[in-house]
Amino acid sequence: MEPEQYFPSSAVLCSTRWWTKETVAVVTGGNKGIGFALVKRLAELGLSVVLTARDKQKGEDAVEAIRAQLGHLAHNHVHFLLLDVSDHDSIKTFASSFKAKFGATLDILVNNAGVSYNELDENSVDHAESVLKTNFYGPKLLIEALLPLFRFSSSITRILNVSSRLGSLNKLRNAEVKKMLESEELKEEEIEEMVKKFVRDVRNGTWKSEGWPSYWTDYAVSKLALNAYSKVLAKRYNNNNSNNSYKLGGSGTKLMSVNCFCPGFTQTSMTKGKGTHTADQAASLAAILTLLPPHHLPTGKFYLPLRTKELLKKKLLKINSHNCEIPSLEPGHGVQPNNFGIFLPVELGFMGP
């Protein structure tokens, strides 16, 4: 099955600037790399952005750097709150701090914070539990803590989880686990049991023979779990879910869009500066996905980057951002989503975490 092809036309992206300075976004891991670049881009576009970091000094320095770069434009648009997504107590404190400062006004959450302890050519699982705690449990617990603070509006509440093609189902060689993840009735508890099984396999020294992904295994499993959890959330809060009884903000059934985004092989500290494109380019794409107009906002999608030549070949690239206040499309990149549960990567000229 081929991945579903989708790219917003210029008319779609330019037709509705739905956000205002009152629109509140949270970006985790915002003190460097893609997170920093995304905070800067969203602030530049006029949103109020909460930059989070686990180090207070680094977070505050990042905010000051963005304010210095953007000038008065960002002075009242960028805020810092301390958050270590690997620490449950820190997540609860962050939620309380957000509520005290902003109230129940959250519109956008971008789960960007993530870790890997491997060099590009290594595949150690010595830090598997730490990787899972940060990359899977962290976003999951943060979403759960912030659910009461989301506000529903015509702009539609939205979550974008920064993931990886390494978390694609075709990287998984365990047929039983793959079948479970492909199920339309996938449950949150099953995902957590999968993660626990992986940890057991690591502790028992059997992880290589149990069919887990073979490259950056702990990182890949953490993203596989994040993608699966996003699939469950997307279905839970989908308008087409006739059994939807979940609530956001405490009043009535609410909807939100939940998507994942693989930024591709990006030049960040995780890749030791190696990659095919910059953090600014990856953040530009993330901003486009984050700010899609409500009437063109999908849910349950896994976005993968394409090069411009691929888009032109598929006749998907029709972007002209002149006189249009949307995130710019950097030369050489576009996006393509993939249905959750298929997780088929698009073959590109670059591969990486």
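Begin with two helices: α6 passes α9 in a right-handed crossing. Keep in mind as you look that this is a predicted model. To find the pair, follow residues 128-146 for α6 and residues 217-236 for α9; the two pack at an angle of about 15 degrees, and their axes lie 8 Å apart. Angles under 35 degrees count as roughly parallel, so α6 is roughly parallel to α9.

Which residues make the contact between them? On the α6 side you will find Ala128, Val131, Leu132, Asn135, Phe136, Pro139, Lys140, Ile143 and Glu144. From α9 come Asp218, Tyr219, Val221, Ser222, Lys223, Ala225, Leu226, Tyr229 and Leu233. Sorted by class, the residues of this contact are 12 nonpolar, 4 charged and 2 polar.

What lines the largest cavity? Its lining is made up of Ile108, Leu109, Val110, Arg158, Ile159, Leu160, Ser257, Asn259, Leu289, Thr290, Leu297 and Tyr303. Two or more of these residues come from each of the strands β4 (106-111), β5 (157-162) and β6 (256-261), and likewise from helix α10 (279-290). By class, the lining of the largest cavity counts 8 nonpolar residues, 3 polar ones and 1 charged.

Terms used: Residues are numbered from 1 along each chain as its sequence is written. This is a predicted model: local features need pLDDT of at least 70, side-chain atom pairs count only at pLDDT 80 or more; totals for chains, interfaces and linings use all residues. Side-chain values use heavy atoms; hydrogens and water are left out. Axes are lines fitted to C-alpha atoms, for helices over the stretch in contact, and angles run from 0 to 180 degrees between N-to-C directions. Helices (H or I, at least four residues) and strands (E, at least two) are DSSP runs, numbered from the N terminus. Angles under 35 degrees count as roughly parallel, over 145 as roughly antiparallel, 65 to 115 as roughly perpendicular and the rest as oblique. A crossing is left-handed if the near helix is turned anticlockwise from the far one by less than a right angle, and right-handed if clockwise. Contact means heavy atoms within 4.5 Å. Ala, Val, Leu, Ile, Met, Phe, Trp, Tyr, Cys and Pro count as nonpolar, Asp, Glu, Lys and Arg as charged, and the others, Gly among them, as polar. On a 1 Å grid over the protein atoms alone, a cavity is a set of points where a 1.4 Å probe fits but cannot get out, and a pocket is an open set with protein on both sides within 12 Å along at least five of seven lines; lining residues have an atom within 4 Å of a point.
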